[in-house]
Amino acid sequence: MKNQTQNTIHDIFASYFEDTSIQRLAYTVSKKLEEGHICLDLDLIDAETKDDLDFKSILSSPYLTRDVEQDLKPFVLHNNKIYLQRYFYYETHILNKISELIQQGKKNRDSREKKLLELKEKFKLFFPPKHENNLDRELKIPWQMIAIFNVILNNFAIITGGPGTGKTTTITKLLAILFAINPKTSVAIAAPTGKAAARLNESISNGIKNIKGLKTEVISNFVELKAQTIHRLLGVNIDSTKFTYNNENKLQYDIIIIDESSMIDVTMMSKLLEAIPSNCRLVLLGDKDQLSSIEAGSIFGDLCNSQNPINSFSGKDIDLYNSIIENDKLSIPQSYIAQNPNILTGSIIELKRSYRFKNDEGIGKFSNLVIRGKSNFDTLIEPFQICENDMQCVKVTQDYNDQIFIEMINKYEDFINEPDIEKALNKINIVKVLCAVKEGEYGVNQYNLMIENHLKTRGLIKPKTGFYHNQIIMVSSNDYSLGLFNGDIGIVREESDTGNLKAYFQNENNILSYPVSNINRYSTVFAMTIHKSQGSEFNNIVIVLPKKTEHKLISRELIYTAVTRARTNALVISDYDILLDAVQNKTQRVSGIVDRIRENNI
């Protein structure tokens with residue numbers, strides 16, 4: 001543990017072991033967890049770490065085991081990776097549960113294939129053929145329809161895709177088909193945060209209106225369907241860390257759909273899967289290119305990356321799907337047959353076409369270049385300009401006092417001048433400033449003060465320490481007694497008759513209000529971190545990167561996640577070299593998931 005600051009949580013953990021070599025290992029593995037890694041990959045550690053660890057002593061230590069089934073020890077060595085025992089259990093449990101769901105689905109394969117063929121006309125109704133000859137061959141393939149095929153056939157399915165590719169549209173059509181097959185189909189839909197769940201409700205509600213010919217009983221099923229947080233789905237126990245629904249008490253649904261799955265850390269994913277019976281269908285939705293969870297693990301991304309390419313199938317599945325598509329121009333070519341199939345082959349569908357952003361301009365072009373880490377990105381920065389008479393555009397500026405920044409934050413006036421609470425809660429999404437870091441001159445804390453002072457100068461707010469009228473706040477810890485969760489965003493308003501301050505939040509179903517004295521842990525969020533913005537969308541965003549940084553967290557995934565929070569316009573404030581460095585910095589979180597799936601070593 002040389003050159004380490006003493007009394008960190010990692011030092012404290014390491015101090016529980018008497019063996020010096022294990023102390024060094026404990027410190028290193030604990031530090032890796034803080035950085036988001038599930039384990040320490042011995043093939044990837046840097047020279048300094050390698051010099052600091054005594055591998056001969058570690059590998060012969062009684063604190064480490066290679067056989068977790070027979071020998072319960074604090075550390076586990078598996079596939080040349082060292083885990084804390086608990087995290088090896090989480091990873092193994094996740095893979096075993098997914099395997100169990102897949103194997104159970106195979107038992108019903110014949111009857112489900114027959115049902116799928118019977119639904120051919122229904123698919124033609126929901127996905128009428130379009131003649132779009134200008135699209136690339138891959139974009140013509142009806143991936144949304146194929147994603148539904150996948151869910152109907154299997155007990156485990158992943159649907160991934162960028163913003164506007166139709167993940168929620170696909171789920172809405174899927175549910176309409178399932179309800180048509182069996183109106184009594186029991187469904188649960190959930191997301192990691194209340195805001196994401198509320199957005200899911202809104203998207204499904206709007207999606208129903210675009211599906212023609214739905215019967216009354218099918219529509220009524222949708223009316224009763226409400227998204228909730230994963231915490232609520234699993235059942236929070238105020239006096240216990242154990243959820244109501246767990247390995248002994250399973251959830252009782254025919255299908256469970258989880259949105260924004262990239263935000264789910266390894267611990268929560270394990271607890272979620274623990275509560276799902278093997279005869280249930282589980283569908284995970286998300287964008288594999290977004291930031292991973294704040295806590296350890298990038299489970300959703302790892303599962304997606306276990307397939308190369310993602311949209312790979314058995315020849316039998318391709319023939320089945322094409323027999324329903326019945327259009328050579330839209331069919332899946334034989335080149336999509338998996339060359340190295342594994343247990344997840346065919347279970348993951350990536351939606352390719354964005355219906356929100358154009359791939360060749362504005363937000364769509366910018367985000368695609370970012371996530372691909374294009375080497376020619378630097379030649380394309382300056383031409384990006386916010387369009388005056390158009391939408392979905394990006395401007396990159398090195399001027400941290402750009403007049404457009406002032407015009408953006410002036411848009412907070414819309415919610416401040418809106419007297420109706422529900423409308424005001426919606427209007428706080430008109431604009432948001434997103435910072436890469438929390439502290440420092442270009443961090444969230446400084447920008448919140450800057451925005452507050454600007455709005456104060458305009459006579460719109462009167463900021464002070466604590467709560468004040470028209471303050472935007474975000475809850476920073478779970479409060480099960482209030483039904484508020486970390487990341488929930490609300491506004492503070494002064495009651496006209498009493499002058500008392502109350503905090504208002506919009507959960508999945510309605511408006512919640514509390515005296516501000518009930519809100520214990522919170523922060524002001526005219527500006528917020530990019531991490532905290534996941535699961536949210538804003539009409540206009542400002543992205544602020546620090547001028548000088550060695551933060552490894554500033555990555556292409558961070559920039560991609562930030563810019564795709566915008567529905568209309570995005571302003572990126574950054575020195576060009578910092579932005580270019582971020583685009584070239586791809587986040588790599590270490591786990592054993594990809595290798596174990598590809599090697600069928602589950």
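## Strands side by side

In strand 9, leucine 284 is the bridge partner of isoleucine 258. Strand 8 (residues 255-258) pairs with strand 9 (residues 281-286) in the parallel sense, over four bridges. Two strands count as paired if DSSP finds at least two bridges between them. Strands (E, at least two residues) and helices (H or I, at least four) are DSSP runs, numbered from the N terminus.

## What you are looking at

This is a predicted model, in which local features need pLDDT of at least 70 and side-chain atom pairs count only at pLDDT 80 or more, while totals for chains, interfaces and linings use all residues. Residues are numbered from 1 along each chain as its sequence is written, and side-chain values use heavy atoms, with hydrogens and water left out.

## Salt bridges

The model has 25 salt bridges, counting a side-chain nitrogen of Lys or Arg within 4 Å of a carboxyl oxygen of Asp or Glu. One of them links lysine 352 and glutamate 138, at 3.7 Å from N to O. Lysine 352 sits in the loop between strand 10 (348-351) and helix 17 (362-372), and glutamate 138 in helix 8 (residues 137-140), so this pair ties together parts that are 214 residues apart in sequence. Lysine 352 is partly exposed at 28% relative accessibility, and glutamate 138 is partly exposed at 31%. (Buried means under 20% relative accessible area, exposed over 50%, and partly exposed in between, using a 1.4 Å probe and protein chains only.)

Lysine 352 also has a salt bridge with glutamate 350, at 3.2 Å from N to O. Glutamate 350 is buried, with a relative accessible area of 14%. Through shared partners, salt bridges join Glu138, Lys288, Asp289, Glu350 and Lys352 into one network.

Elsewhere, glutamate 118 and lysine 115 form a salt bridge at 3.3 Å, N to O. These two are three residues apart in helix 6 (residues 109-118), about one helical turn.

## Helix 16 and its neighbours

Helix 16 (residues 315-325) has these buried residues: Asp317, Ile318, Leu320, Tyr321, Asn322, Ile324 and Ile325. They pack against helix 6, helix 7 (120-126) and helix 9 (143-153), where contact means heavy atoms within 4.5 Å.

Two packed helices are described by the angle between their axes and the distance between the axes. Helix 9 and helix 16 pack at about 125 degrees, with axes 11 Å apart. That makes helix 9 oblique to helix 16. (Axes are lines fitted to C-alpha atoms, for helices over the stretch in contact, and angles run from 0 to 180 degrees between N-to-C directions; under 35 degrees is roughly parallel, over 145 roughly antiparallel, 65 to 115 roughly perpendicular, and the rest oblique.) On the helix 9 side, Met145, Ile146, Phe149, Asn150 and Leu153 meet Leu320, Tyr321, Ile324 and Ile325 in helix 16.

## Strand 12, covered on both faces

All five residues of strand 12 (residues 431-435) are buried. Val431, Val433 and Cys435 are on one side, with Lys432 and Leu434 on the other.

Strand 12 runs parallel to strand 19 (residues 538-544), joined by five bridges, and cysteine 435 stands opposite valine 544 there. Strand 12 also pairs with strand 18 (residues 527-529) in the parallel sense over three bridges, where cysteine 435 stands opposite threonine 529.
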